[in-house]
Amino acid sequence: MATTVIRNGTIVTADLTYKADVLIEGGVITAIGPNLVGDEVLDASGCYVMPGGIDPHTHLEMPFMGTYSADDFESGTRAALAGGTTMVVDFALPAPGQGLMDALQMWHNKSGRANCDYSYHMAITWWGEQVFDEMQAVVDQGITSFKHFMAYKGALMVNDDELFASFRRCADLGALAMVHAENGDVVAELSARLLAEGNTGPEAHAYSRPPQVEGEATNRAIMIADMAGVPLYVVHTSCEDSHEAIRRARSLGKRVWGEPLIQHLTLDEGEYFNADWDHAARRVMSPPFRNKQHQDSLWAGLQSGSLSVVATDHCAFTTEQKRFGVGDFTKIPNGTGGLEDRLPMLWTYGVNTGRLTPNEFVAVTSTNIAKILNCYPKKGAVLVGADADLVVWDPEKTKVISAGAQQSSIDYNVFEGKEVKGLPRYTLSRGKVAVMDGEIRTEEGHGKFVGREPRPAVNRALSAWKDLTSPRPVARGGIPATGV
Ligand SMILES: NC(=O)NCCC(=O)O
Ligand SMILES: [Zn+2]
Ligand SMILES: [Zn+2]
């Protein structure tokens, strides 16, 4: 079998930095050390050899708000690889009343075109006996994380009783519970009031979802997860109010993780006040962009470890799709792109500014989520036996982000004009060179589904504690007779 060697680079993992070559055969790393020899040689002089990025939050070809997100598994994973990301985790989304296995089959049908490896989370969009039963079958298929929307009232939102029931089921199955944490009832009320008052533009989207709706829902989800005895992952943590709840929970020993997005780390609410409707609407997503104080809180969380993962929530809509919401901001499809830009933007605004070390960069873009989702060290590692999902990162390479040069199929980029320093020289997907010095060599259908085992140990630890502290009747020696 042909071999590939990455020579003269510096390996950077979540915990180590050292000079060594990497030998690849059959899609996996077979040796790490000095002076390795292979058939194909990739020169990594001046570069870091890191685990490829894992983006645990994408919505490719997702049916949402009366349309479909524009990037599918082909263009989305091509964008991912162009930016050094080698695995995505998408959300299988049952329509109300649709079975989970049915939705899963739909997602398998779409993902056959993927250029890099992928996995799924299953969304719980309604509740009933069928959902309860099928959650076991979903876990048996290697999907061990279940996402719940606390927002999007009347569409994807689940109520607290459903949340609690589903969280308890996750606990029993050794699965991870995930939440989109915004108080959907309050958002609906605020949105209706804003519209009635004539606030119809994209800026009203931000007014309708203040940090408090996120802080309240995050705290509620944490408490419900604690009562259910299940670990919890909070997606798109955008503000101090939510971060504070996560930080507090973690300091109390709760198994809770928070995921800021690259968009919330680097773009702020000023975008919504742009005089150009298209500019503002293109940036409408939930939660919305926040102010600088919230951004500082997110960076501090990544530095201190109270926040664990940087994702994109890549859910891209064209300008034409965004214009469904002219005259009514609640009809603007929610979502932004970012798959190609997550790593370069985080390196530029994180590592180059001194906020993150290169090792911390690897941890929050790859290794931490591989551990949380239980696919480490197959993914997220530079180790013998791991998949050769690697990025050879040139810290001196620069570009100005522009929609005209991107892989995503939409007509704009929310990071347009940003100059980034730090880009892939090569991206390898299971040993196949998908990006060669800016040239895209992706192969449609190369991506494979990554099934994941449940993590019974964490759930067992939580339920052991629950059992020890659960309500018990007090044994009493009978009720004393009342004297007459
Ligand atoms: N985030 C967003 O605005 N759109 C994608 C769906 C979601 O994650 O809420
Ligand atoms: Zn969401
Ligand atoms: Zn999302």
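Trainee: In helix 5, which residues are buried?
Mentor: In this predicted model, local features need pLDDT of at least 70, side-chain atom pairs count only at pLDDT 80 or more, and totals for chains, interfaces and linings use all residues. Residues are numbered from 1 along each chain as its sequence is written, while chains are lettered from A and ligands numbered from 1 in the order in which they are written. A residue is buried if 20 or more other C-beta atoms lie within 10 Å of its own, exposed if 12 or fewer, and partly exposed in between, with C-beta atoms placed from the backbone; helices (H or I, at least four residues) and strands (E, at least two) are DSSP runs, numbered from the N terminus. By that criterion, the buried residues in helix 5 are Gly 184, Val 187 and Ser 191.

Trainee: Within what arc do the buried residues of helix 5 fall, seen down its axis?
Mentor: The arc is that of the directions from the helix axis to the C-beta atoms. The face turned away from the buried side carries the exposed residues Ala 192 and Ala 196. The buried residues line one face of helix 5, because they fall within an arc of 55°.

Trainee: Against which helix do the buried residues of helix 5 pack?
Mentor: Contact here requires that the C-beta atoms of two residues, placed from the backbone, lie within 7 Å. On that basis, the buried residues of helix 5 pack against helix 7 (211-228).

Trainee: Which residues touch the most other members of the largest nonpolar core?
Mentor: A nonpolar core is a set of buried Ala, Val, Leu, Ile, Met, Phe, Trp, Tyr and Cys residues joined through C-beta atoms within 7 Å, and the largest one holds 130 residues. Leu 232, for its part, touches Ala 177, Val 179, Ala 221, Ile 222, Ala 225 and Val 256, leaving out residues up to four places away in sequence. The residues touching the most other members are Val 49, Ala 177, Ala 221, Leu 232, Val 234 and Val 392.

Trainee: Is Met 65 buried or partly exposed?
Mentor: Met 65 lies in the loop between strand 9 (63-64) and strand 10 (67-68), and has a positive phi of about 50° although it is not a glycine. Because Met 65 has 19 C-beta neighbours inside 10 Å, it counts as partly exposed.

Trainee: How many of the residues around ligand 1 are nonpolar, polar and charged?
Mentor: A residue is near a molecule if its C-beta atom, placed from the backbone, lies within 6 Å of it, and those around ligand 1 are His 59, His 180, Met 285, Ser 286, Asp 313, Cys 315, Asn 334 and Gly 335. Ala, Val, Leu, Ile, Met, Phe, Trp, Tyr, Cys and Pro count as nonpolar, Asp, Glu, Lys and Arg as charged, and the others, Gly among them, as polar. The shell accordingly divides into two nonpolar, five polar and one charged.

Trainee: Where is Pro 287 placed?
Mentor: The peptide bond from Ser 286 to Pro 287 is cis, with omega near -10°. Pro 287 is placed in the loop between helix 10 (277-282) and helix 11 (292-304).
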